[in-house]
Amino acid sequence: MDVRDTVKGLNSYVPGRSQEEIAKEFNLNKSEIIKLGSNESPWGSSKKAIEAIGKNLNQINRYPETNLENLKKLIADYSNTKIENVIVGGDGADEIIDILAKTFIEKGDEFIVPIPTYTYYEFSLKPYGAIPVYGRWDLTTNSLDVSSILEAVSNKTKMIFLCSPNNPTGGVIPKNDIVKILKEVDSLLVVDEAYVEYSNADNVDLIAKYPNICILRTMSKALGLAGLRVGYGLSNPEIIDFMHRVKPVFSLTKPSYIGALETFNDKEFISKSIAKGIESRDYLYRELLKISNLNVFKSDSNFILVNTEKTRLRSAELALRLLEKGIIIRDCSSFQGLDDYWVRISIGTLEEDEKFINILKDTLFD
Ligand SMILES: Cc1ncc(COP(=O)(O)O)c(C=O)c1O
């Protein structure tokens, strides 16, 4: 079979592991597993969304909506922008990244990513023949090294990806750093705000001022819909129009559409979910700081990065020992820019956090 050369050289994506998988592998009861590995919301979804999806299940013999105006309007209001600035993805924000690749990338183009960061950008762009050029996320200050991005720019740079708050480090990129980069480059600057609800890092106002910014957002995190796969992109109408031309036509399923509409209308659910997320993150941070030999990163997101080097326990080993006790965390050794001693812990309910902290202490001081 004549597979494309750009695909032959690729490695498979390494996602966080599911409860089903772990229950089977370690012979555990699925309901007792605490999942702190994939930055989801542990408080479920809007009850109104679940109810509305249930009521509309008899319509799934029909193709879904393609004119997503009602949802785009709610997204525009939620994000403080206009409907013509919005594109919706049916495989989450990941689909928006894929659409960006399809819209902009020619073979041989370069794209810049500061490492460590979210790994899907590379996964999505490489099959199109794009070449990653690495900038630097400064782990000593948990901040973007802006000059490393500017130094990486060449006449082949097509896109720059900046994640704020950054996954997996949790630090935010100050708006003036984003503006500095926007002013110096012509390439498209993609600012991934998947975790914006847990921070104050909103850059939507920059869309009206700069022609080369696209913002990514998702309903998978604070809005509790990871399983429905709804994400969106925000940019100027011209870019949004080009992106619509290559977007998969029916990718947003009917249940996802209905669930998304109801969730945006459920303001009480949204504000509670965000408040509980921040409370859980702050609790986890305080408790992790009390454990000696861990280097704990302050986070503006719904996860916390921890360096385990001083414990002499590699992340893969720690993750495995916790898995045996029914706790899933993310071993970050597959992230570019991190070595074998980093784990990322997502927020759980306070009860899950407390159990996790106790089991972690037992595991480290066994
Ligand atoms: C930084 C970042 N961007 C985008 C995504 C993808 O989100 P979605 O579930 O909407 O595809 C994730 C998911 O973990 C993420 O961490």
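This is a short tour of one predicted model, stop by stop, for you to follow in your viewer.

Before you start, note that residues are numbered from 1 along each chain as its sequence is written. Because the model is predicted, local features need pLDDT of at least 70 and side-chain atom pairs count only at pLDDT 80 or more, while totals for chains, interfaces and linings use all residues.

**Stop 1: the two domains**

Colour 5-44 + 268-364 as domain 1 and 47-266 as domain 2; such bounds come from an automatic or database domain assignment. Their C-alpha centres lie 24 Å apart. Where they touch, domain 1 gives 32 residues and domain 2 gives 30 residues (two residues are in contact if their C-beta atoms, placed from the backbone, lie within 7 Å). On the domain 1 side, helix H11 supplies the largest share, eight residues. Helices (H or I, at least four residues) and strands (E, at least two) are DSSP runs, numbered from the N terminus.

**Stop 2: an open sheet**

Select strands E10, E11, E14 and E13, in that order: they form an open sheet with antiparallel pairing (strands pair if DSSP finds at least two bridges between them). E10 (295-296) and E13 (330-331) stand at the edges with a single partner strand each, so one side of each has no neighbour in the sheet. Two bridges join E10 to E11 (residues 303-307), and Val296 stands opposite Val306 in E11.

Axes are lines fitted to C-alpha atoms, for helices over the stretch in contact, and angles run from 0 to 180 degrees between N-to-C directions. Helix H12 (residues 315-324) lies across E13 and E14, at about 40° to E14.

**Stop 3: around the ligand**

Which residues come nearest to the ligand? Of the 13 around it, they are Gly92, Asp94, Thr218, Ser220 and Gly231 (near means a C-beta atom, placed from the backbone, within 6 Å). Helix H5 (residues 92-104) gives the largest share of this shell, three residues.

**Stop 4: two packed helices**

Show side chains for Ile99, Lys102 and Thr103 in H5, which meet Phe242, Met243 and Val246 in H9.
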